[in-house]
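Have the sequence and the model open as you read.

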Amino acid sequence: MSIQHHEVEPALSAAPAGSGQAVPVSAETAPFPQRWPLGTTNLRYGGDYNPEQWTRETWIEDIELMKHAGINLVSIGIFSWALLEPREGEYDFSFLDDIMGLLADAHIDVDLGTPTASPPAWFFAKYPESRPVTRDGLPLGFGSRGMASPSSPEYRRAVAAIAGQLAARYAKHPALVMWHVHNEYGAPVSECYSEHSVVAFRQWLQVRYGSLDALNTGWGTTFWGQRYGEWSEVDAPRTSASVTNQTQRLDFKRFSSDALLACYTTERDVLRRFTPHLPVTTNFMVTNCPSVDYWKWAKEVDVVANDHYLKAERRDNHILLSMDADLSRSLARSEPWILMEHSTSAVNWQPRNIAKRAGQMARNSLAHLARGADGIMFFQFRASRYGAEKFHSAMLPHAGQESRVWREVVELGRDLGSLLAVRGSRVHARVAILWDVESFWAQDLEWHPSADLDHRERIEAFYTVLWRRGVTIDFAHPHDDLSAYDLVLAPSLYLIDQAGADSIRSYVKGGGRLLVSYFSGIVDENDAVHDGPYPGAIADVLGIRIEEFLPFYAHQVATLDDGSTATVWADDLALVTADAVVSFVDGPASGIPAITRNAFGEGSAWYVATRLDPAGLDSLIDAVLRDAGIISTPLPDGLEVVTRSHTNTSFTFYINHSASDAEVDSTGTELITGTRHTGTVVVPAATVRVVENASA
Ligand code: GLA
C-alpha cells in the first residue's frame, strides 16, 4: 500500500494524477462554475458506484457493462474516507487513481464524492467529542455511517482537508466532471445536541437576535418563567420535563439546517479553490428530509441533485414521485436538475420492500425526466454482496446480466439516447403550491388543536387532484414573487411571517387567484399567534375572521350543503368581506361557511375550512382553476401527462401507470418508437410515449 504524507491543510497548487506537474489555480481568474457536469451532451445516465467493494477484474467487467448500457456518469468515492486517509494526514489514492483512470479511458465521467458522510474509525477514536449526540443525550457510536457533530471544529477541519486533497489531486483529471459533496446531509443525523453544537447554537442566536433581550422577547420566555440572564444559560432544546419552548425548538431546527449547510459550503469552497470550473452539488431528499431548509440550500449548489425512493406500499407512489420531481425542479428554479439516486427495483429499508415490476423503473425514470431532470442516476451500479444494503436492488443485480432488471437498464439507456432532444427544455407551470419547511417544523411541534392536523397529507391531497387533471405544479416559497402564477395554493401553511403575508397580499391584489386551507397563517416566524382573529397573517386577503377552531372528534364526518362530506376540522368563521360558497349543514360548525371566496384587489382569495372528501376537493379545485382561467378535466385513471418545451418545440410525456392501453389526442413524432402520429397516439399499458411537436 502506498501511503503519502501531506499537510492536513491543502495547498493551493496540486499535482493531478499522472501528470507530475503542479497546477496553479487562481480564484481571481477562475470562470464561474458550470451549472452542469462538463462533457457529454447526452442526458446523464448512471449511478453510485462503489468499486472499493470489488476486485480490479470486476471493475474491468463493470466498465464494459456500463458502456453497453450507455452509462456516462458514475458517482464514486462517497464512502471511501477510511481507504483514502487510513490515518490522519496520511493519504492513499492508489485505488481512486486506478479506477478514475479506467473510467476516463472508457469515456465514463466521474461525479467524485467527498467521503465526509462516513468519517473513519480513527477520527472518532481521536475526537470522541465529535460524535453526534441525540436530544436525550446519547452519543452515537461508530459502526454505521452518518454524520459527526456538524459543529465540531475537528470535523470541519478534517472534511476541508480531505476535500482539499481530492481536489488538488484530481483537479485536471479527464474523468472528473462534477463534485458530489458528502451524502444526503441531514440523514441519518440532523439535530445534534453535543457540546460543540450548544456553543455554535449560542453564536447563531447572537447573530439572529443581537441581544439577550431580543432573544427573551422572541422566545416568549416570560411564559413559564424561562427568562435568560446570561448567554451561557442558553442550551439546546434537550428533552425536558414537559413541552420545551417551541420557539427555541424552531430556532434549533433553523440552526441545525444552517450548521449542516456550513459543512457543505466549507467543502464546496475548498473544492472551488482548486476546480473553479467544475460544478459542485450534494444530493437532496427534497420531500423526505425533515431537517433541511432546501430553499436556502438550493442557492448554494451549482446543480440541484435529488434522491428519490418510492414509498413502496403506497399505491399512489407514482403521484408522490411527481411531487418530489416538481419540488426538485422548483428548487432548481426551473434549471435542469439531476435525479442523483433512485432504485431499479426494491430498496432494503422499508417494512416491506416491494419490487418494481416490468416497466416501472422506466416509468419512474421518465417521470423525473418529464418534470425537468436531465440526468437519471441510481443507487447503485452493482449490488453489494455484504453490508447493510446487500438486499437493495441495483442496476446490475445479484442475478447478473440474465435478469429483467439489467435488460431494462440497458433498454432505458437506449431510450434516453432517443430522448436527447429533450435535454435543456423547460417545464412551465401556471399553478404553484406554497412550500415552507419552517412552517412544517413549527406545525409539527407539540400541543396543537388536533392530532389530525397534517400538512403533508393536505399538500399531497391538493397535489393529487391537480396531478389527476394533468395540471403541472411548481412549488414556491411564500417570499417568492408569485406574480407569474395564475393560481397559488396554500394547502397547509401554519406559519406565515410578515414578508410572506405581504407577498401573498400583493399577489392577490395584483390579480392572482389564491386558495388557502385551514390552520394557515396562524403564527409568525417566532411561532407567536398573529395579533387579532385568525388567520391573522392574511385575514384581510381572505375577508374572514375566525373566532375559534372547531376540531372534530376522531372519525367524525360532517355534511356540507353541496352534498360533499368533511372530516378533521371546521372553524367558527364569520364573513367580513368574503362570500360563502358552501356551508356546513351539521357538525360543530352547522350553518357556518366551509368554503368562502373574497374579491381582493384585482384577484380573489378562496378559503376552505375543512378536510373535504376527494370528490369535494376535486370540485373545489376545479372551481378555483376556472376562476384562474385554467380549464382542465380529469385524465384517464393512471395516465400522467407533462410537457417540457424549448422555444419552438414541445415534448409531451404520456406515462401510462395503468394496466390498460390509453389513447391520447396528439400529433408529432413519438421519440421512443420513432413513429410519426397524426391525431392520436396509443400509449400501451405500463409504458411511456414522448411526442415531439415542432410547431409549439
Ligand atoms: C440513500 C443513500 C445511499 C443508499 C440509498 C439506499 O439514498 O444516499 O447511499 O443508502 O439511500 O436506498
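Where is the place of Gln380? Gln380 sits in the loop between strand E13 (373–378) and helix H12 (404–418).

## Basis

This is a predicted model, in which local features need pLDDT of at least 70, side-chain atom pairs count only at pLDDT 80 or more, and totals for chains, interfaces and linings use all residues. Residues are numbered from 1 along each chain as its sequence is written, and side-chain values use heavy atoms, with hydrogens and water left out.

Helices (H or I, at least four residues) and strands (E, at least two) are DSSP runs, numbered from the N terminus.

## Cis peptide bonds

Gln380 is joined to Phe379 by a cis peptide bond. Omega there is about -5 degrees.

The peptide bond from Ala187 to Pro188 is also cis. Its omega is near 0 degrees. Look for Pro188 in the loop between strand E8 (176–181) and helix H6 (195–209).

## Positive phi at Arg333

Arg333 is not a glycine, yet its phi is positive, at about 50 degrees. Its loop runs between helix H10 (317–331) and strand E12 (337–341).

Arg333 counts as partly exposed because its relative accessibility is 46%. Partly exposed lies between buried (under 20% relative accessible area) and exposed (over 50%), with a 1.4 Å probe and protein chains only.

## Positive phi at Phe519

Phe519, a residue other than glycine, has a positive phi near 55 degrees. The loop that holds Phe519 lies between strand E17 (513–517) and helix H16 (539–542).

Is Phe519 buried or exposed? Its relative accessibility is 3%, so Phe519 counts as buried.
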